[in-house]
Amino acid sequence: MSSLASAPLRNDPLETIRAKALWIRRRSFQMVYEAQLGHPGGDFSAADILATLYWGVLRFDPSQPNDPGRDRFVMSKGHCTGAFYSALAGAGYFPEELLSTYMQPLSKLNGHPNRNYLPGVETNTGPLGHGLPVSIGIAIAGQMDSAPFRTFVLTGDGELQEGSNWEAALNAGHRKLENLTLIIDRNRLQQGAGTEETASLDPLDDKWRAFGWHVEMVDGHDHQALYDVLSASPAGRGKPLCVIANTIKGKGVSFMHDNVSWHHGVPNKDQFEQAMRELV
Amino acid sequence: MSAATATAANLFDCRDSFSRTLESLAEADPRIVTVVSDSVGSSKLVNFRKRWPERMVNVGIAEQTVVAVGAGLANGGKVPFVSAASCFLTARALEQIKADIAYTNVNVKLIGQSSGIAYGELGPTHHSIEDLAWLRLLNNLTLIVPSDPWETEQAIRAAAAIDGPVFVRVSRMPVPAIERKVQKFEVGKAELLRDGDDLAIIANGVMVHRALAAAAALAADGIEARVVNMSTVNPLDEAAIIAAAETGAILTVEEHSVRGGLGGAVAEVITEHNPVAMHRMGFPGFLPTGSVEWLLEHYGLTPTGIAGAARTLIARKR
C-alpha cells in the first residue's frame, strides 16, 4: 500500500484553501482572458470546491500521479479547465508557466482535459455525463481490493440531464459504494438558461436519495462546510455520498455573478482589470 | 485446437472459445475481471461467474455504464473484459468507447458478441453490421475479427497481452475450424490462407471459411484465387493489401455493411496505391426479415455466390 493513504492531513487547512480558491479564480480568469476562450462562470462556481479538495481532502503525490493508492478526482465538468488546470498546477502536477499556453496550438492544455497530456487527469472528459460512470468503475475496483483510496467526481448540475448519470447512479447505490463521493456544482445555470426552466432537476436531493445515495446539501462557497463534509470518513456509511454544493455561477466578480452570459463569455481588457481588482 | 464446443457437423460457436480462453487467462492473472450488461449467458460467461463471482460486474441493461465502468476499473488497476451484444455495445455506447476508452487510451477489452447478422430474424436493430465502420475511425483501438475458434482464442490472448484498448468481434454463427498449414497469429498481420494470382479474396470473421470454399470451387475451373484473412482491421496490414492488388482484382467479403468496414478499408488503401478492379461483398444496409442462412444466401455470401462474384470481377481486370 502506498504511503499516501496514511499521510496526515494538515491541522487547519482552511487558510490555505481560502488563499488557493482566490488564486484559482485569478489565475483561471487570466487564462481565459489571454486565450479569449473558456468557461469562466463555471470555473468560479467550482473554485472553492476544487481548492477544498486539493488543499484539504485529496491524498496524492503529484510526483507519482499513477500511484495505485492515490485518491482519485474526476473532473466531469471538463469544460471548466481554467479552474481545473489552475488547481493541478497549484497542487504541483506541472509548472504554473504551462497555464499561459491554455488552448494555444499544440498546448497540453486542451480546452478539455486529456490524461495523455497531463498528469493528474484521471480520464478524458468534455462530453457531459462521462465522469460519474467512470468514477463508479474506479470505486468498484477499490471496493474489490478493499483499497483505502477514495474517489471524488465533480459534475455540473445541467450535466445531470444526461441519462448516463442515472444509469450510473443506480449502480453506485446498488453496490453501496461508500468510497465514492459525487459533488454537484449546483449553480442552477446551464449554457443558455436556468436548469429549472430547461429540464428541471429539483427536488434534486430526493432523486439521489431514491437512487440509494446519502445526500448532504452545503453552501458550495463555504470552505469549512465543504471541508467538513468531504473530509469525513466514509467508513460505515454504507452508501455513496452525494454532496449538492449550492453555488453561484461567476461567484467572486460582481458583473459575472449569477449571469448566464458568463457560461462561456470571455472578458475584454476593462472587464479583466475590474475582475482582478475585485478578486483580492 | 481450442476446446470449443462442437455443434452440428463439426461447427463451432466462437463464444465458447472466447469464454474458455478468458477463464484460462483469469486463472493466471487476478487483474482480469468481466463487465457485462445483463449479458452473462449471451456472452457464455455463466461459468466465469460461477468461478469468480467477485470478479464479475453486472451493471444491468446499461451499455453506457458497462463501457464507462470498464474504463474506471482499468484506472483502478484491473484488466476488464467488457462483453455485450455488439449491436448495443458499439452503437449505444459509442461516445463512451470514443472518449472513455479510445481517447483516454485505457487498458480495456471490448468484446462485441453475436456480431454481424447472427440474430437473423430479429432484424436490423439487433444486427451489428455497422460496428467496424464506426469503430475503425477511433485511434488507439485495435480491432480484431477472428474467423474460427482457434483464431478467437489467439485474439483473446493477444487482447489480454496488449496494454491498451482492443475490440474483438465474436460471432455466434457456427463456423468450421479452418485448416491451417501454419498456425501463427499476429495482431496487425494478414494471414495468407491460399496463394493465387488471378485475384485476391480478402475476408474476415465468419466469411473466411466461405471464401476458402469459393477459392476451391474456382480452382476446379482453373482460377487461382489468393485468400487473405484480414482478421485485424485496425491497425490494417496495408502491405498485404498492396501485394493483393498485384493480382489485378480484389474481392472483399465481410459479414458487415459494404460501407465503411473491411471493404471500405481495403478500398482506401488500393485507391491511393494501386487502383485495380474491386468488388465489395457484404450487406447494403438495413436488411429485410430473414434467417441467417436466408440472408447470407440472399446477398450471395455463400461459396457459390462468392465464386460467381469472383468470375465477374476477373472479367473486369485490365
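Predicted model: local features only at pLDDT ≥ 70, side-chain atom pairs only at ≥ 80, totals over all residues.

**Reading a sheet, a helix pair and the cysteines**

Modeller: In chain B, helix α3 (residues 63-75) lies across β3 (32-36), β4, β5 and β6, and its direction is at about 160° to β3(B). Helix α7 (residues 149-161) of chain B also packs on the sheet, where it touches β5, β6, β7 and β8 of chain B. The direction of α7(B) makes about 165° with that of β8(B).

Biologist: In what order do the strands of the chain B sheet follow one another?

Modeller: The sheet is open and has 7 strands, in the order β4-β3-β5-β6-β8-β7-β13 (chain B), with mixed pairing. At the edges stand β4 (56-58) and β13 (232-234) of chain B, each of which pairs on one side only. From one strand to the next, the twist averages 20°.

Biologist: Which strands pair with β6(B), and over how many bridges?

Modeller: Strand β5 (residues 79-85) of chain B pairs with β6(B) in the parallel sense over 5 bridges, and Val82(B) has Leu110(B) as its bridge partner there. Another 5 bridges join β6(B) to strand β8 (residues 166-170) of chain B, again in parallel. Here Gly112(B) stands opposite Arg169(B). Strand β8(B) is also joined by 3 bridges to the parallel strand β7 (residues 142-144) of chain B, with Val166(B) as the bridge partner of Thr142(B).

Biologist: Is strand β6 of chain B buried or exposed?

Modeller: Since 5 of the 5 residues of β6 (residues 109-113) of chain B are buried, the strand is largely enclosed by the rest of the structure. Lys109(B), Ile111(B) and Gln113(B) point one way, while Leu110(B) and Gly112(B) point the other way.

Biologist: How is a pair of packed helices described?

Modeller: One gives the angle between their axes and the distance between the axes. In chain A, the axes of helix α2 (residues 40-57) and helix α3 (residues 81-90) come within 9 Å and cross at roughly 25°. The two are therefore roughly parallel, and their crossing is right-handed. Among the residues that meet are Leu50(A) and Tyr54(A) from α2(A), and Phe84(A) and Leu88(A) from α3(A).

Biologist: What is a disulfide, and how many does the structure hold?

Modeller: A disulfide is a covalent bond between the sulfur atoms of two cysteines. For Cys80(A), the nearest cysteine sulfur, in Cys242(A), is 18 Å away.

How values were computed: Residues numbered from 1 in each chain as written. Chains lettered and ligands numbered in written order. Heavy atoms only, no water. Disulfide = S-S within 2.5 Å. Buried < 20%, exposed > 50% of the residue type's maximum accessible area, 1.4 Å probe, protein only. Helix = DSSP H or I, 4+ residues; strand = E, 2+ residues; numbered from the N terminus. Pairing = 2+ DSSP bridges. Axes fitted to C-alpha atoms, helices over the stretch in contact; angles between N-to-C directions. Parallel < 35°, antiparallel > 145°, perpendicular 65-115°, else oblique. Left-handed = near helix turned anticlockwise from the far one by under 90°. Contact = heavy atoms within 4.5 Å.
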